[in-house]
Amino acid sequence: YSQMKDHTESYLVEFDIKLTTYERILEKWKSISSPYPSDRQYRTAIFFANEKQEAVARSMAGDMDDVDIEPVTRFYMAEERHQNFLSRL
């Protein structure tokens with residue numbers, strides 16, 4: 001991971017569709033998000049796993065500028081020191 005030059009730092013969110021939906025997760029994200037001007041490493045992006053999620057993501061992003069919407073690709077875990085950041089606040 002630390003040797004990668006072209007990457008975007010992101011969170012991996014895994015969820016149980018019996019408990020919540022992709023749309024609810026994006027609604028929460030949108031309520032707390034401030035889009036960040038595009039730069040490869042630090043940018044605002046929504047990643048989707050299928051066509052249904054893509055439609056939800058595009059609808060949810062709506063008029064938000066500076067939000068990239070892209071298919072999920074390979075995800076690399078960051079070093080241990082970067083894990084569970086929110087639990088350390």
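Predicted model: local features only at pLDDT ≥ 70, side-chain atom pairs only at ≥ 80, totals over all residues.
Student: Where should I start with charged side chains?

Tutor: Start with pairing. Side chains of opposite charge can pair when their charged atoms come close. In this model the count comes to one salt bridge.

Student: Which side chains meet in that salt bridge?

Tutor: Those of Glu54 and Arg58, at 3.1 Å from N to O.

Student: How are Glu54 and Arg58 placed in helix H2?

Tutor: They are four residues apart, so about one helical turn separates them.

Student: Are Glu54 and Arg58 buried, partly exposed or exposed?

Tutor: Read the relative accessible area. Glu54 has 24% relative accessibility, so Glu54 counts as partly exposed. Arg58 has 44%, so Arg58 is partly exposed as well.

Student: Now Gln53. Where does Gln53 lie?

Tutor: In helix H2, which covers residues 51-61.

Student: Why does Gln53 count as buried?

Tutor: The cut-off for buried is under 20%. Gln53 has 16% relative accessibility, so Gln53 counts as buried.

Student: What does the side chain of Gln53 reach?

Tutor: The backbone nitrogen of Ala49, at 2.7 Å.

Student: Which residues is Gln53 in contact with, leaving aside neighbours within four places in sequence?

Tutor: Phe15, Tyr22 and Phe48.

Student: Last, the surface. Which residues make the nonpolar surface patch?

Tutor: For a patch, look for nonpolar side chains within 5 Å, on residues with over 30% relative accessible area. Here Leu12, Phe75 and Met77 make a patch of about 290 Å².

Student: Where does Leu12 lie?

Tutor: In the segment before helix H1, which is 22-32.

Definitions and conventions:
Residues numbered from 1 in each chain as written. Heavy atoms only, no water. Patch = residues over 30% accessible without salt bridge, like charges linked within 9 Å, V, L, I, M, F, W, Y side chains within 5 Å. Areas by Shrake-Rupley, 256 points an atom, 1.4 Å probe, with all protein chains shown as cover. Salt bridge = Lys/Arg side-chain N within 4 Å of Asp/Glu carboxyl O. Helix = DSSP H or I, 4+ residues; strand = E, 2+ residues; numbered from the N terminus. Buried < 20%, exposed > 50% of the residue type's maximum accessible area, 1.4 Å probe, protein only. Polar contact = N/O pair within 3.5 Å; in protein donor to acceptor, adjacent residues only side chain to side chain. Contact = heavy atoms within 4.5 Å.
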